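Me: I've got a model open here and a few things I'd like to sort out. Can you walk me through it, one question at a time?

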Amino acid sequence: MTNQYLVAVVGAGPAGLFGARELANHGAHVVLFNRDIKPGGLAEYGIYPTKYTMKAGLRKQFRQILENPNIDYYGNISIGAQGDLSLDDLRNLGFQAILVTAGAQGTKWLGLPGEDLVGVYHAKDVVYYYNLLPPNSQQRYRFGKRCAIVGAGNVMVDIARYLIRQAKVDEVIAVVRRGPAEVKFDKKEMEYVIANLDQEALDREIARVRPIMEAVNQDPEAARATILEALPKAFEKVSETCFRFEFLSSPVQMLGENGLLTQLEVEDTTLVLKDGDTKARGTGNKRTLDVETVIFAIGDKVDESFGLPIEWNEFVKNSNPAYPVEGISYEAFDTQAGKPMDGIFVGGWARKASEGLVGYARKDGINASKAVWGYLQTKQPDESALEAVTAKIMGLRKPAVTKADIQRLEVIETEEAQKRGLEEFKYSTNEDMLRAMGLTIAA
Ligand SMILES: Cc1cc2nc3c(=O)[nH]c(=O)nc-3n(C[C@H](O)[C@H](O)[C@H](O)COP(=O)(O)OP(=O)(O)OC[C@H]3O[C@@H](n4cnc5c(N)ncnc54)[C@H](O)[C@@H]3O)c2cc1C
């Protein structure tokens, strides 16, 4: 065997998997570490559960990537300051470069009073819950009769879809800081929920915010038409949930009784033009919405405890990169030492949290790997540490899940789905998955 570069890729979501493939195709030996047992990241545990065709297509691509003999996979292994291995461990083990594609695992809270009440959640946790990612899959969530979702993007719509079509709650209110012209969701996603949209309530909202929109040269009719664009392809109603929008409303605090959420207080906002963009500014006028659940779908941030320096919710990048790709820096930067972190790169949602869809993460993972490859050209290939790396991983006090294990799990889950007459079957705890694969559960 020819000598190869030895690279660690941390996180097997789309960015990590496609990035690993890029490096492996160049001839590097990649060890792919993944916190979750299964590969796929948010493609497995974020994308809406019933998008079966899309998920099956992605799983097939991921399976093909893992067939590459230049890629080793270790699921159920967390990297980071509080992980099973730290970045320093990886460096000391002899990896020549480390690409971090661990996604955006931090939670972006607004820091409002009442965030600790039962019934107040962050979108990522809810999405992990209904996609059966342990441990969220085992936690209890309180979806009351009336639920507010803060946000105006596709994640808001996904959660509305869950509340309308699965949980079948009475009312879902999308609370939007700006106006009807600034919603960010796609028509395609709206098709799943628009049959439940209270159109009279939408018209009342548009009438209410019309003067504010017109004052910043927005066209209320055009915004209304865009929101309703999904109507011709609306999915059939499966519940009586009333879905409505509260525009120009910014959350101020959550109020509760006995630790349980009962109300969301919002402040009315108005629109102002700033640097060519429309911003929301509070008016001071406050009102409350009676809700038992509030879900913040306002984007994610990277994991602060990972062990890389952070600024503005992101890992800090070298602003003067030595290996830029399409003008983007993928190089982690040590703010204390004032220099790039030698051999450490970031890609996908770990580089830019909540940015784009799978296609974007894929491209970003590939480009990050191109930067890694550029860096490796300054070194001699040396994979001599591989044996020690494997021994270290196998010596951890918990089972590392390999490619062969994942293949077995897939077969078992497919059989289980057939037995139960389901489109898909997923074990919802790590213990069940490990048991199914015949692995010993951690001591
Ligand atoms: C609710 C929701 C719905 C979406 N729906 C769609 C859709 O319909 N279509 C679409 O194209 N895109 C969709 N997306 C976007 C898409 O999922 C993301 O663009 C993409 O998954 C980001 O890829 P990533 O690899 O950067 O991060 P992630 O997918 O988040 O992957 C990160 C990986 O890193 C691992 N990891 C985390 N921390 C560690 C650690 N410390 N050590 C080791 N491993 C770690 C995780 O286990 C995970 O496997 C959706 C996103 C969300 C949130």
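Me: How far is a polar side-chain atom of Asp-36 from an oxygen atom of the ligand?

Reply: Quick heads-up: this is a predicted model, where local features need pLDDT of at least 70, side-chain atom pairs count only at pLDDT 80 or more, and totals for chains, interfaces and linings use all residues. Residues are numbered from 1 along each chain as its sequence is written, and side-chain values use heavy atoms, with hydrogens and water left out. A polar contact here is a pair of N or O atoms within 3.5 Å; within protein, one must be able to donate a hydrogen and the other to accept it, and residues adjacent in sequence count only if both atoms are side-chain atoms. For Asp-36 and the ligand oxygen, the distance is 2.8 Å.

Me: How much of the ligand's accessible area does the protein cover?

Reply: Accessible areas come from the Shrake-Rupley method with a 1.4 Å probe, and for residues only the protein chains shown count as cover. On its own the ligand has 1,000 Å² of accessible area, and the protein covers 94%.

Me: Which residues come nearest to the ligand?

Reply: The ligand has 34 residues around it, counting a residue as near if one of its heavy atoms lies within 4 Å. Those that come nearest are Asn-34, Asp-36, Leu-42, Ile-79 and Trp-349.

Me: Where in α8 is the kink?

Reply: Helices are DSSP runs of H or I with at least four residues, strands are runs of E with at least two, and both are numbered from the N terminus. The bend at a residue is the angle between axes fitted to the seven residues ending there and the seven starting there. In α8 the kink is about 50° and comes shortly before Pro-211, at Val-209.

Me: Is Leu-248 buried or exposed?

Reply: Leu-248 is in the loop between β9 and β10 (249-257), and its phi is positive, near 45°. Buried means under 20% relative accessible area, exposed over 50%, and partly exposed in between, using a 1.4 Å probe and protein chains only. Leu-248 has 1% relative accessibility, so it counts as buried.

Me: And Asp-275, buried or exposed?

Reply: Asp-275 lies in the loop between β11 and β12 (277-290), with a positive phi near 50°. Its relative accessibility is 76%, so Asp-275 counts as exposed.

Me: Which residues does the cis peptide bond join?

Reply: Most peptide bonds are trans. Here, omega is about 0° at the bond between Pro-134 and Pro-135.
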